[in-house]
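Dear colleague,

I am passing on the structure below, and after it I describe what was found. Please keep it open while you read.

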Amino acid sequence: MRTGIDILENELIEKYPYVLDTLLLDHTTQQNIFWATDNYEHIGEKYSFHSQILPDLISGDYGSIIMPRVHKDKLLQLSRSKEMAEVFTPSWICNAQNNLIDNTWFGRENVFNTEILAKDGSKIWETNSEKITYPKGKTWKDYVLDTRLEISCGEAPYITSRYDSTTGEFITVENRIGILDRKLRVINENVDSKEDWLKASQIAFKNTYAFEWQGDSLLLAREAMLITFIENYTHKFEKEPLLKSIQNIANIISWNVWQMDGLKGVVPDSCIDAIKEHSDLFGNTLNETVKCNGCKSQNILTHNGKYCKIMDWNEKDVETGSMGKAIKFIDLLNK
């Protein structure tokens, strides 16, 4: 089983054809996600802030360009923290906060693990190895269906904890603590047939959402979720899932984990200032800059940028007749 924390794009292309293409899709713009950072512009024009992330730009000789934060140069880490407030949370904190959510859902503590203080003073957790039990009126299916969202997700440490994002230490499947990790654990405990496992896993992914500004971090989050699916299937059935199953999950991830300015609900840097021409008393043409109304008033509902689309998997699309309807993320504010 894979134990390295860096998911190499060259390996994805070689082992799972066209899956990387899916992981790079942006369903709002109908293009690919874009860099949304200047960290790579020294490589060339195609790596500038507004350029799309294309498979050939991050594969071949460039296959190691995108890497987890813990592997990045220390100066680059500091720069991203200063400019974009990029701070990655230790796994023990992710675990503690995810535990608080589950304490409420289950009505009791220490469901998945117990937080403990190690001899060296660090905080860790001890996994509860017993099969999870559920409060009256709830089942494991209800837990899988419970919709959860990680905001400004970075590499998505709250969703899947393949590794500690601050130390780089790999975490085995049975000891993971992310939102998705927990959903997959209860599926592993309650489902034995491959067909039912795949169906339940799709439901788990469809009810797990996240968004992120920077394209490289977003891709790392999407990749981590995909590899988490493969690792859990392998852990359960001692073989990798079929390519079509991997492609199905990649498609769900491309909808549910999207690129967005979380303060505006739009594609990052998509709001524009309009130039309005008018004449003065002497007939001179003057140009007036008119700022985006949403940016000016800080009203999330009135931006002129491109509002992000996500998939509501529980709604039927009237045009296709199939389950799954694309909606604007901000429409959820009215629900």
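**Buried charges and a nonpolar core**

Arg162 is buried, with a relative accessible area of 1%, where buried means under 20% relative accessible area, exposed over 50% and partly exposed in between, with a 1.4 Å probe and protein chains only. This is a predicted model, in which local features need pLDDT of at least 70 and side-chain atom pairs count only at pLDDT 80 or more, while totals for chains, interfaces and linings use all residues. Residues are numbered from 1 along each chain as its sequence is written, and side-chain values use heavy atoms, with hydrogens and water left out.

The side chain of Arg162 meets that of Glu231 in a salt bridge (3.0 Å, N to O), a term for a side-chain nitrogen of Lys or Arg within 4 Å of a carboxyl oxygen of Asp or Glu. Glu231 lies in helix α8 and Arg162 in the loop between β5 (148–150) and α6 (179–190), so the pair ties together parts that are 69 residues apart in sequence; helices (H or I, at least four residues) and strands (E, at least two) are DSSP runs, numbered from the N terminus. Glu231 also forms a salt bridge with Arg176 (2.8 Å, N to O), and both of these residues are buried.

The largest nonpolar core has 71 residues, such a core being a set of buried Ala, Val, Leu, Ile, Met, Phe, Trp, Tyr and Cys residues joined through side-chain atoms within 4.5 Å. Its largest share, eleven residues, comes from helix α8 (residues 215–237).

With best wishes
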